[in-house]
Amino acid sequence: MCGIVGLFLKDKTLEPRLGSMLSEMLISLSDRGPDSAGIAIYGAATGNEAKITLQSPKPERDFRGLDAELAKAISAPVSIAVKSTHAVVRTTPDKVDAAREALQTLRPDIRIMGAGEAVEIYKEVGLPEAVVERFNVRAMTGTHGIGHTRMATESAVTTMGAHPFSTGADQCLVHNGSLSNHNNVRRELVRDGMTFETENDTEVAAAYLSHRMAHGKNLGEALEGTLSDLDGFFTFVVGTKNGFGVVRDPIACKPAVMAETDQYVAFGSEYRALTKLPGIDNARVWEPEPATVYFWEH
Amino acid sequence: MPATTVSKALRDQSHARVFDLGEMSLRELNQALHKLTSGSNETAWEVLNPKGSHSVAVGVDQPISIDVRGSVGYYCGGMNDGGAITVHGSAGPGVGENMMSGSIVIKGDASQYAGATGRGGLLVIEGNASSRCGISMKGIDIVVHGNIGHMSAFMAQSGNLVVLGDAGDALGDSIYEARLFVRGKIGSLGADCIAKEMRPEHIELLQGLLDRAGVTGVKPSEFKRYGSARTLYNFNIDNADAY
């Protein structure tokens, strides 16, 4: 089944509550997928700082002293904030690629969850409640975010198999459904230079969008492309640095409900994910149409 | 309404057994409903704070009324056999799935496959219904005040689907014998579904359905009827592409 949520704030006064609102939304859908959960939160991009979210199976070993070693390797200031198995490394935007390369030699066991100016990604095996507690998501502030609770159907129950999947700067995607042509699409994307970390179908969808956007499409056009190029069932919710998009396949059998008020746009696999949002009783609530791209930007 | 009826309605209201799902579990509610036997005096029920809960009032088999104050999740009123359920909000997927008899009224919108496989009773959706409304319906009557989504009445076998608004793509795909009455536009008709003549008996049938669903100011003559062309009843190799 899987459960997905998304929240895009229009009202700045809600930004301090983004993490807690998104956490409650995700926890309400725990029974749609109890094996792993993840959340991507977009803080405000300052333009002079980039963030890289890392995950390590042995955080005590890998994160200790990493800031100093990385700063030396890339000749730039580096700070690190550790949260359980994850850490967010901050450096200057022009040093992200260099940092990625340096991390491969400095800490070969580390996985990069995502990178960009705004996004931080936390995902692990376990129920949403446990994941939210582990990374103190409720305390996080931000402008928009997406979340996922997984019932694995396409690949192993591992940290890397959890959603969101991020395959480009500040881009990430959560998915409810299953793709039937992901192996073919993956082969084509690999031929075009994309790399993959899992056998997961959702990673292919994320990489597809990143690939199309890297070739000049905007997010709306890239999402349109999924309707003809990806086969199977899907509801995708995607985040970009300043945007939030939704698309369902033409059959649209995976559930989806959206709500919009002057304060926010919200997405949930089910209505119960939206019931605690402020003003929900008077919100415009609707089901996104099949084969239709919805998109908001700040 | 005569004064005596009003006072009786008010009295019934005051005697309604109230279940607050903010304080009690869904299982407690459904167990209490299932315990009712014929002749019970507890004929009026009210459910508060459903907040999108699944399976609210599933399996009711007594002629009781249930008012649900708020929106429900999956399968509300599933298998209903005689209950009069009103949801004062919207309903999630599968509302009234496999209903046998009685009625379900949704004041708001309904999600996917409303009334699926229903064998009897009346399902009224005062807002819009989503995709696959009435899929595989087997005798239920469904009246939708607004629009319905794609693939509605797929493989419908018996019963009536009335839509005051528009229908999405592939309406009545592979339909058997149900009657579809649509007042607005049709996205497209599915395999073996065709427009049919509105004969006097259909006008009469439709007027009865509109009356039962509380629809006023709308004439049966504003609707078109759709149903099965019956070319796919028996397998014929020449029709293989149509399935």
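Buried means under 20% relative accessible area, exposed over 50%, and partly exposed in between, using a 1.4 Å probe and protein chains only. This is a predicted model: local features need pLDDT of at least 70, side-chain atom pairs count only at pLDDT 80 or more, and totals for chains, interfaces and linings use all residues. Residues are numbered from 1 along each chain as its sequence is written, chains are lettered from A and ligands numbered from 1 in the order in which they are written, and side-chain values use heavy atoms, with hydrogens and water left out.

**Exercise 1.** Describe how helix 6 and helix 7 of chain A pack.

*Solution.* 
- Two packed helices are described by the angle between their axes and the distance between the axes.
- Helix 6 (residues 182-191) of chain A and helix 7 (residues 201-214) of chain A pack at about 40°, with axes 9 Å apart. Axes are lines fitted to C-alpha atoms, for helices over the stretch in contact, and angles run from 0 to 180 degrees between N-to-C directions.
- Name the angle. Helix 6 of chain A and helix 7 of chain A are therefore oblique to each other. Under 35 degrees counts as roughly parallel, over 145 as roughly antiparallel, 65 to 115 as roughly perpendicular and the rest as oblique.
- Pick out the residues. A:His182, A:Val185, A:Arg186 and A:Leu189 of helix 6 of chain A make the contact with A:Asp201, A:Val204, A:Ala207, A:Tyr208, A:His211 and A:Arg212 of helix 7 of chain A.

**Exercise 2.** Locate B:Ser152 and find what the side chain of B:Ser152 reaches.

*Solution.* 
- Go to the loop between strand 7 (138-144) and strand 8 (158-163) of chain B; B:Ser152 is found there.
- Check accessibility. B:Ser152 has 0% relative accessibility, so B:Ser152 counts as buried.
- Follow the side chain. The side chain of B:Ser152 reaches the backbone oxygen of B:Gly149 at 3.0 Å.
- Look further along the chain. Not counting residues up to four places away in sequence, B:Ser152 touches B:Ser130, B:Ser131, B:Arg132, B:Cys133, B:Ala170, B:Leu171, B:Gly172 and B:Asp173.

Notes
Helix = DSSP H or I, 4+ residues; strand = E, 2+ residues; numbered from the N terminus. Polar contact = N/O pair within 3.5 Å; in protein donor to acceptor, adjacent residues only side chain to side chain. Contact = heavy atoms within 4.5 Å.
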